[in-house]
Amino acid sequence: MTGLDSLSLEQKVGQLFHVGFHGTEPTDAVESLIREYHVGGVIYFARNLETPDQTRALSRSLQRTALESGAEIPLFVSVDQEGGTVRRLPYYAAAPGAMAVGATGEPEAAGTVARVTAAQLERVGINYNLAPVLDVNNNPSNPVIGVRSYGERPESVAAFGERYVEALQSAGIVACGKHFPGHGDTATDSHVDLPVVDASEERLEAVEFPPFERAIEAGIDTIMTAHVAFPAITGSESTPATLSRAVLTGVLRERLGFEGLISTDCMEMDAIADTVGTARGAVEAVNAGADVVLVSHRADRQRRAIEAVLEAVETGEIPESRIDASVARHLAAKDRRDLRSDDAPAESARDDEADALLAVSREAVTALRGSAEDARLVADAPVAVIGPRTTGGSPAAESHSALESLAARLRDRGYDVTVYEVGGADEPSGAFDPAALPDGSQALCCTANVARDPAQADAVAALLEADRSPTVVALANPYGLHELPPVEPVLTTYDPSSGNLTALVDVLVGDEPARGRPPASLR
C-alpha cells in the first residue's frame, strides 16, 4: 500500500472523505471522486443494493478504480447494517436490532449478530460497518435512537456494544461506534435540526461515556460523532460535537485515549447543512480532530467539501500536520483490515445464519403488559391484523410493510387472516371502525411509533369500546405505549425484522414463551 510520504496534498485530503452515490452501478460522479479527488471510502445505502452478485460486482469495480488511480489505496466500503430498523442489505437474513438484542439479557447475542453480519458483508465486498450504536437511550421521547440502542442502562449498553465490536472486528470488518458523546438523551432528530443535551459533565461521564470507553478498551477501529450540542463541554448550545475540538480532541482523544479513526456523521444532515453548511462544516470538523468526513448523497457538495478542506490547508487554516495525522490513521486501519472484495461465490441465503438470528429473536419477544399466555390465538378463529401500513420512523430507518409479513406467517400456520390498515406516520389512512371486522375474529392490533400517530391509539380505544379485547403488539419502537388506553396483553418485538416476526408468531400460537426483558421505562 502507498505510504504517507509518497502522497500529494490532494491525495491526502481526499483520503479523509467517504462519499455516497445513487445507483446500483458506479456512476461517472463517484468514479471521478475516486480517480480525481482520491476519496478514501464509499458508503452504500439501500439505493445501491439489489442482489449479492450485483453488490459484489459493484464493490470490486469501485476497488479496482481506486487501485488503478494515482493514490493506489483500497477503499473503505461502508454501510449502516445495524439490524432492526436500520439495515440496508435487502437480501440475506435480517438481524434483530439492538434493543431486541438487549432484551435477551445475554451480551453474547450481540456477538452472534455481529458474526453473522460480518459474514454477510464480507461476501459482498463491504469491509466497514457503521455499527454498533453505543448511545444510551435514556430519553423515551428520542425520535432517532430509540430501539437502535441496546437499552437505558450504561453498563448494559457497554457490555453488548463491547461484545459486538469484538466479534465484528475478529471477523475482519471495521466497527464504528456511534454517536459520540451520545445521542440517547435527545428529543430532536439531528437529521432535521440541532439537538441540545443540557447535561452536566458529571452526568455525561456517568451515563453517556461508559459504552464508548468499553469499546475503546476493546480496540474499536472507528467512532462516529453526533451532530448534537453539549454545552457542558463546549460552552455553546449552537456548536455540534462534530465541529468541536473540545469534544473530539479534548474528550475523545485526550481524556478517553482513543487512537482510532474519528468519523463525522453525514455532513448533509440538516443540523450541519442548514447551519454552517456542508463545505464549511468539513473544514471545522477536520480542524476539530475528525479523520473521516462523511458526505453521503450529493456529488456537488462532496466536491465543494473536499475543495474547501484543500483550500484551508493551502491557506494555513488547517495545518498539513493535522491532515497527515488523519491519513496515517487511515493507512494503518486499512493495512490492519483486509479490504479486498471476496472472490468466493456469494449465496443468496444461508440457513445457518438465519437460524442463528432467529434464536436471538426468540429470546427477545417481550410481554410488556399482562401475560403472553393471554395473547395466544385460538386455532379455529379468523384473525384481524390491524395497524399502520409502514413502520418507518427517523430518516435513518427504512420503512417496512410489516403487517403483510406478519399476516403471511400467520397464514402459514393455518390462520384465516385479514389485514386492516390504520394510521401510519408516513401515509395516514383514516379512522378505524371495529364494525368492519368479521364476527368471531381475533383482533391483533399492531403499533409502530404510536406516540407520533394518534390514529393507532384511537384504533385500540375503538376496539375496547366495541368489546373486541385486542392483543396489542408494538412491532416497532414500543416507546409511547403510554398513549394507549389501559389494555392487556401488550407484546413487543422492538423492530419488525423477519426473525422477530417469526418469533412473535411462535409466541402467539403458543409454541414459545415471551422471554424478553424490557428496559425499565417500558415495564
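This is a predicted model: local features need pLDDT of at least 70, side-chain atom pairs count only at pLDDT 80 or more; totals for chains, interfaces and linings use all residues.

Student: Which are the edge strands of the open sheet of eight strands?
Tutor: Strands are DSSP runs (E, at least two residues), helices are DSSP runs (H or I, at least four), and both are numbered from the N terminus. Two strands pair if DSSP finds at least two bridges between them. The pairing in this sheet is parallel, with the order β7-β6-β5-β4-β3-β2-β1-β8. Pairing on one side only marks the edge strands, β7 (261-263) and β8 (293-295).

Student: What angle does helix α12 make with β1?
Tutor: Helix α12 (residues 299-314) packs on the sheet and touches β1 and β8, where contact means heavy atoms within 4.5 Å. Axes are lines fitted to C-alpha atoms, for helices over the stretch in contact, and angles run from 0 to 180 degrees between N-to-C directions. For α12 and β1 the angle is about 175 degrees.

Student: What is the average twist from one strand to the next in the open sheet of six strands?
Tutor: This sheet has mixed pairing and the order β9-β14-β13-β12-β10-β11. The edge strands are β9 (366-369) and β11 (417-421). From one strand to the next, the twist averages 25 degrees.

Student: Which residue in β14 is the bridge partner of Val 472?
Tutor: Strands β13 (residues 471-476) and β14 (residues 490-492) pair in the parallel sense over three bridges. The β14 partner of Val 472 is Val 490.

Student: At what angle does α15 run to β11?
Tutor: Helix α15 (residues 402-412) lies across β10 (383-387), β11, β12 (442-448) and β13. Its angle to β11 is about 170 degrees.

Student: Why does the aromatic pair of Phe 21 and Tyr 44 tie together parts that are apart in sequence?
Tutor: Rings of Phe, Tyr and Trp (its six-membered ring) pair if their centres lie within 6.5 Å; planes under 30 degrees apart count as stacked, over 60 as edge-to-face and the rest as tilted. Phe 21 and Tyr 44 are edge-to-face, at 6.4 Å centre to centre and 75 degrees between the planes. Phe 21 lies in the loop between β1 (17-19) and α2 (28-35) and Tyr 44 in strand β2 (residues 41-44), so the parts tied together are 23 residues apart in sequence.

Student: How many nonpolar residues are in the lining of the second largest cavity?
Tutor: On a 1 Å grid over the protein atoms alone, a cavity is a set of points where a 1.4 Å probe fits but cannot get out, a pocket is an open set with protein on both sides within 12 Å along at least five of seven lines, and lining residues have an atom within 4 Å of a point. The second largest cavity holds about 100 Å³, a volume being the space filled by probe spheres set on the points, which are joined across faces, edges and corners. Ala, Val, Leu, Ile, Met, Phe, Trp, Tyr, Cys and Pro count as nonpolar, Asp, Glu, Lys and Arg as charged, and the others, Gly among them, as polar. Beside two polar and two charged residues, the nonpolar count is ten.

Student: Which element gives the largest share of the lining of the second largest pocket?
Tutor: This pocket has a volume of about 280 Å³ and is lined by 16 residues. Both α4 (98-103) and α6 (154-170) give two or more residues to the lining. The largest share, three residues, comes from α4.

How values were computed: Residues are numbered from 1 along each chain as its sequence is written. Side-chain values use heavy atoms; hydrogens and water are left out.
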